[in-house]
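Trainee: I have a structure open and would like to go through some of its side chains. Could we begin with the aromatic rings?

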Amino acid sequence: MKIRLSIRFVVSLMMFVSSLFSNEKDRLLETLRHQTRDTNYISTLFVLAGEYATSNTDSTVWYANEILRISDSLGYKNGIGRSYFMTGLAFYVRGVEDSAMIWFQKTLSVFNETRDPEGLGLAFHNIGRLYVRRGEYAKAKEYIRNALELRKKHSSPGAVLSSISMLGLIAGEEHHLQEEEAYYVEALNIAKGIKPFSHSGIAMATTNLAWVEQKRKNYEKAIGYFQQSLQLYKEMRDVNGTTEVLIGLAQIALDQKEFSKVIPYAEQALRYSRNMINPDGVLQSANLLSLAYEQMGDYKNALRYHKLHTAQQDSLNRLRVKKEYVDALSRFETEQKEAKITILEQENQLQYLERNIVVGILIVVLLGVGAVYIRSKEIRNIEVARHAETLQRNFSEQLLAQQEQERKRISTELHDSLGQNLLIIKNMLDISIQTKMPKHALNQQLGELSEIASRSIEETRAIASNLHPYQLNRMGLTKALIAMMRNLEQSTKISLFHSIDKAEGIFSKDTEAHLYRIVQESVNNVLKHSNATELRVELRNNGQHIRISISDNGNGFDASSVEQKESLVGGLGLFGLKERARIIGGRLSIHSAIGSGTTVEVVVPV
């Protein structure tokens, strides 16, 4: 829930910041035709680049390159810094975080040299935003506070509002509700003084205050703030903002167990999310609808929306894998570009050394050696990138194949078990209707029908639990793991020992799901392959990180050879476990030797 809340906040913050740029694109383009190539022309290009940042990053990159070309010809370093910033912003919007950080750091370096306060504010603020995405809140606060100090003296109220709102977000992620509320109240007061963009700022601030009150379970105040935001977003025809508020109102209705109120809010949010191609909105709306219908006893609709939620989650997971590949490719392209810049600088230096033939020959020789070295390095980088691409492609293919296999398994279970039970119930009911039976025989048959129906319900719950354990949503990670252990004790002869510390409220639901699956897949590996007689599962929370270990006394294996084999064929075993750990910012290690058992350990920072 916290990560999704952060995503919604950052999206709304980016929309507000983008509204600070002029929306009169035609006027700006007309202005470009009549301007000479000077600093004013660069400023116009900069505004246009920002205008396209959230809708067409390719256009943003084009304008950034144009700014760089003209600024370089004029020797205008502040223009070069703004070009770097827009390039980084394009990568940030695309979700390519490492490349965005490279360009924002280059921006900071340029503006440190020129001492431009507005440029420094831009650089500090956006580096802070990147650290927020990574969950490194101490670093994020340091950069954004530096940005706020500069912006209060030299920038517009809109820029000040952005930094204050981001500090509020960080306070919320660190569970400092009073500090979070204070920042949002300050942001609201600033927004009321901004014209003509006050509606957008007020809507964002009241929405954030609503989330604060929702965390405190002050539902009446939260609903009041959400209703204010909803009216403003509808006046502005802001569909994304409207969707966020509807999801918030649905969440409050679910918390208050007013399930009939959840349905209209969540259905409207789902409709908006689909129209705007908002996958996070679809995911949250479908989950709320599934939970509400389940509580109302409408299992048909609950299952329908649960399937939509699962399908959307699978789609987001595939997009995340694709994004990580694009991130690696972008880093490689950035290194290539810097190598080309280095070569160009060396060629310019040669022009000053041509007078001396002997020195010129030496330089040519040195450059030849350097070129060979650079070329060999480029070739190595290309090979590494190709290998990474092959691994990612194989992993994606194996992942899709495994998903298809899982669908076939579920289909078989539904047909062979649940379908047969339902057919038996139908036939027995038909016989009861068509045949006049004595009362005692009818009662006996009804008892049998009840028993078959109960088994069908249990089988349906087991299938749903395999798809996504309901304990995670209802009880959290700790109780879900304990429930898993209890089920194992009843279904296996292995001696089972477990010790699980409390870990609720620490991670997002997505992160909890990954940790649960790591334990589940590791335990399944023990049951299938190890021939172990003892299994131990531990979760330790020391306040700084969560450490989970799954160990057995089974056959063991050569971990290094298995990992190497999986890297070559793109397997989903140990590689899949490590991918899950990496996605949530953790580290997974496997200790095993033939005949000495196996220990799988994952460590995730709190």
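Trainee: Which residue lies over the face of Tyr 84, and at what distance from the ring centre?

Mentor: This is a predicted model. In it, Lys 106 lies over the face of Tyr 84, at 4.9 Å from the ring centre.

Trainee: And which residue lies over the face of Tyr 92?

Mentor: That residue is Arg 129, at 4.4 Å from the centre of the Tyr 92 ring.

Trainee: Turning to rings against rings, how many aromatic pairs does a search of the whole structure find?

Mentor: The search gives 9 aromatic pairs. One of them joins Tyr 52 and Tyr 63, whose ring centres are 5.9 Å apart with 20 degrees between the planes. That pair is classed as stacked because planes under 30 degrees apart count as such.

Trainee: Where in the chain do Tyr 52 and Tyr 63 sit?

Mentor: Tyr 52 is in the loop between α3 (39–51) and α4 (57–74), and Tyr 63 is in helix α4. The two residues are 11 apart, and their pair links distant parts of the chain.

Trainee: Is Tyr 52 buried or exposed?

Mentor: Tyr 52 is buried, at 17% relative accessibility.

Trainee: What kind of pair do Phe 124 and Tyr 143 form?

Mentor: They form a tilted pair, 6.0 Å centre to centre and with 45 degrees between the planes. Phe 124 belongs to helix α7 (residues 117–134) and Tyr 143 to helix α8 (residues 137–154), so this pair ties together parts that are 19 residues apart in sequence. Phe 124 counts as buried at 15% relative accessibility, and Tyr 143 counts as buried at 17%.

Trainee: Which residues form one aromatic cluster with Phe 85?

Mentor: Phe 46 and Phe 104 form that cluster together with Phe 85.

Trainee: Why does Asn 78 count as buried?

Mentor: Its relative accessible area is 18%, and buried means under 20%.

Trainee: Finally, where does Glu 244 lie?

Mentor: Glu 244 is in helix α13 (residues 239–255). This residue is buried, at 5% relative accessibility. Its C-alpha atom is separated by 10.0 Å from that of Tyr 233, which is 11 residues away along the chain.

Notes
Residues are numbered from 1 along each chain as its sequence is written. This is a predicted model: local features need pLDDT of at least 70, side-chain atom pairs count only at pLDDT 80 or more; totals for chains, interfaces and linings use all residues. Side-chain values use heavy atoms; hydrogens and water are left out. Buried means under 20% relative accessible area, exposed over 50%, partly exposed in between (1.4 Å probe, protein chains only). Helices (H or I, at least four residues) and strands (E, at least two) are DSSP runs, numbered from the N terminus. Rings of Phe, Tyr and Trp (its six-membered ring) pair if their centres lie within 6.5 Å; planes under 30 degrees apart count as stacked, over 60 as edge-to-face and the rest as tilted. A charge sits over a ring if NZ of Lys or CZ of Arg is within 6 Å of the ring centre and within 35 degrees of the ring normal.
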